[in-house]
Amino acid sequence: MAQAIANALFKAEDQADQGLMAASALISLMAETRLDHRLSAVLAADAVSEITEAIRAFGEARARLVAAHNALEQAAPALIGRETRLMGPLTGKPAADRPAATGHLSAVA
């Protein structure tokens with residue numbers, strides 16, 4: 001049960017990052033295209049504003065998923081009934097905080 005929740009959380013975190021990347025690529029392409037073709041900054045200005053707002057929303061969603069991740073880590077012992085540490089792909093975490101990457105639940109003494 002706990003690993004299924006953890007896996008779904010990791011997937012949601014990854015998708016939030018992919019959303020950020022896709023929206024950032026879109027805004028970058030639009031700016032590049034405008035500059036390369038010497039188009040007016042007024043052209044599609046509303047669209048640029050909407051996309052930057054979407055990027056902000058993706059960032060906020062990602063922050064909330066990270067907060068949920070922390071809350072689930074705190075709740076894990078109560079959910080599972082013993083002291084545990086849920087482990088996922090561990091990408092981007094500081095080396096000092098990295099347990100052995102097994103992708104499975106492990107009991108903590």
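Leaving aside neighbours within four places in sequence, which residues is Ile51 in contact with? Select Ile51 and look around: Ala23, Leu26, Ile27 and Met30 are the ones in contact with Ile51 once those sequence neighbours are set aside, where contact means heavy atoms within 4.5 Å.

Before moving on, some housekeeping. This is a predicted model, so local features need pLDDT of at least 70 and side-chain atom pairs count only at pLDDT 80 or more, while totals for chains, interfaces and linings use all residues. Numbering starts from 1 along each chain as its sequence is written, and side-chain values use heavy atoms, with hydrogens and water left out.

Next, select Leu20, Ala23, Ile27, Ile51 and Ile55, the 5 residues of the largest nonpolar core. Such a core is a set of buried Ala, Val, Leu, Ile, Met, Phe, Trp, Tyr and Cys residues joined through side-chain atoms within 4.5 Å. Helix H1 (2-36) and helix H2 (45-80) each supply at least two of its residues, with the largest share, 3 residues, coming from H1. Helices here are DSSP runs (H or I, at least four residues), numbered from the N terminus.

Glu13 counts as buried because its relative accessible area is 16% (buried is under 20%, exposed over 50%, partly exposed in between, with a 1.4 Å probe and protein chains only). Beyond four places in sequence, Glu13 is in contact with Leu65, Val66 and His69.

Last stop: Arg34, again in helix H1. Arg34 is partly exposed, at 28% relative accessibility. Not counting residues up to four places away, Arg34 touches Leu39, Ser40 and Ala41.
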